Amino acid sequence: MNYIFFILIAVSIIAGIFNNTLDKVVNSMLGACNTAVEISLSLIGIMAFWLGIMRIAEKSGLVQVISKILYPLTRYLFKDVKKDSPAVGDITMSITANALGLTNAATPIGLKVMKELQEDNPEKDRATDAMCMFLGMNTAGFQIIPATVIAILVGFGAKNPTEIIIPTLIVTTLSFITAITTALILQRIWRKYD
Amino acid sequence: MIEKISLFILPVMILFILSLALIKKVPVYEEFIEGAKDGFKVSISIIPYLVAIIVAVSMFRASGILDWLKDFANNIIPPDIIPLMITRPLSGSAALGIFSDIAKEYGADSYIAKLAAIMVGSSETTFYVLAVYFGSVGIKKYRYALLTGIIADITNIVLAIWVARLFFLASSGL
């Protein structure tokens, strides 16, 4: 992450000088600071709401039921998560919310998962295998119906906007599987370097 | 039909959770407040991480470097899809912006618009997700999480191009 942060900024400034876009680069730098704060402030309300709803779901035993059903799979993919950890159920909920395209719901649940995984983490600034697997699944962005994309296509007058659903589902499923497989393989390789 | 389903999922889920809780005699209001308290803390704690990633990505986009990359495109893919490929893992709103631009420029029924739709719809904002999720718990050493995300993104791009050709290229006359 250190390198990526450095490269993005350094390359932008150098390219800005050559491209004569340095003014734009500086303006967007200053503007982005506000954007970042606006995003997190706008998250507060929806975060509070979803964490509230999720707490109710947890207390009523719903999360436990779902996690019990998917337990064998979660167990296999998240070997270092303790059996009684609430993370097992929340991981399932998070992936489900993502798959349904409920991005606003998925983020708070996902952050809750990270908090729960962090509790069992012996080294607090270093990612665990479970975290890497969870984020691998998240960054692959598995989604059953790409609602936003369809909405935009409709907005620009597509004749048959829903025809992209099947091809998108094929691609998203395959990349989801790729992410899980990659995480499983890298897990083994990385252990030698840690 | 799909908009209808999408519209129903969320409220039905909430209704179901609340009803189940009531049957199980859970004090729904008190538990809601307890959970909601955490929302504020988590949102505030991700600010520094968000500033870092959003500033870096915005500068990168403003520098005009993505326009250079367009020149490297060959006849496998339409050159105008390149900025979208690069932007997708970095910024969700920017990717949607580029996608809208393509749909406007070439028409929503064009091959390139469909390819762009598949690309955007089947992937996630990798860097944003990593920054926010790891940031919320203070993880600084990402280990192989970033590499996993990037490999998944590359796979995603290749698959999107392949599937788009399979489904739509023949009918586009390209």
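Chain B and chain A bury about 8400 Å² between them, and carbon and sulfur atoms give 78% of that area; buried area here is the accessible area (1.4 Å probe) that two parts lose on being put together, summed over both. Tyr133(B), Arg143(B) and Tyr144(B) supply 10% of what chain B buries against chain A, more than any other three residues. Keep in mind that this is a predicted model, in which local features need pLDDT of at least 70 and side-chain atom pairs count only at pLDDT 80 or more, while totals for chains, interfaces and linings use all residues. Residues are numbered from 1 along each chain as its sequence is written, chains are lettered from A in the order in which they are written, and side-chain values use heavy atoms, leaving out hydrogens and water.

In terms of contacts (heavy atoms within 4.5 Å), 91 residues of chain B meet 98 residues of chain A. The rule also finds five salt bridges across this interface, a salt bridge being a side-chain nitrogen of Lys or Arg within 4 Å of a carboxyl oxygen of Asp or Glu. One of them pairs Glu163(A) with Lys114(B), with the closest N and O atoms 3.1 Å apart. Glu163(A) sits in the loop between α8 (147-155) and α9 of chain A and Lys114(B) in helix α7 of chain B, so this pair joins two chains. Helices here are DSSP runs (H or I, at least four residues), numbered from the N terminus.

How exposed are the two partners? Glu163(A) is partly exposed, at a relative accessible area of 26%, whereas Lys114(B) counts as buried at 10%. The cut-offs are under 20% for buried, over 50% for exposed and partly exposed in between (1.4 Å probe, protein chains only).

Now look inside chain A. Asp90(A) forms a salt bridge with Lys112(A), their closest N and O atoms being 2.7 Å apart. Asp90(A) belongs to helix α5 (residues 87-99) and Lys112(A) to helix α6 (residues 103-119) of chain A, so the pair ties together parts 22 residues apart in sequence. Both Asp90(A) and Lys112(A) are buried.

Another salt bridge links Arg191(A) and Asp129(A), with 3.1 Å between the closest N and O atoms. Arg191(A) lies in helix α9 (residues 165-193) and Asp129(A) in helix α7 (residues 129-140) of chain A, so parts 62 residues apart in sequence are tied together.

Finally, chain B itself has nine helices and zero strands, and buried residues make up 53% of its 174 residues.
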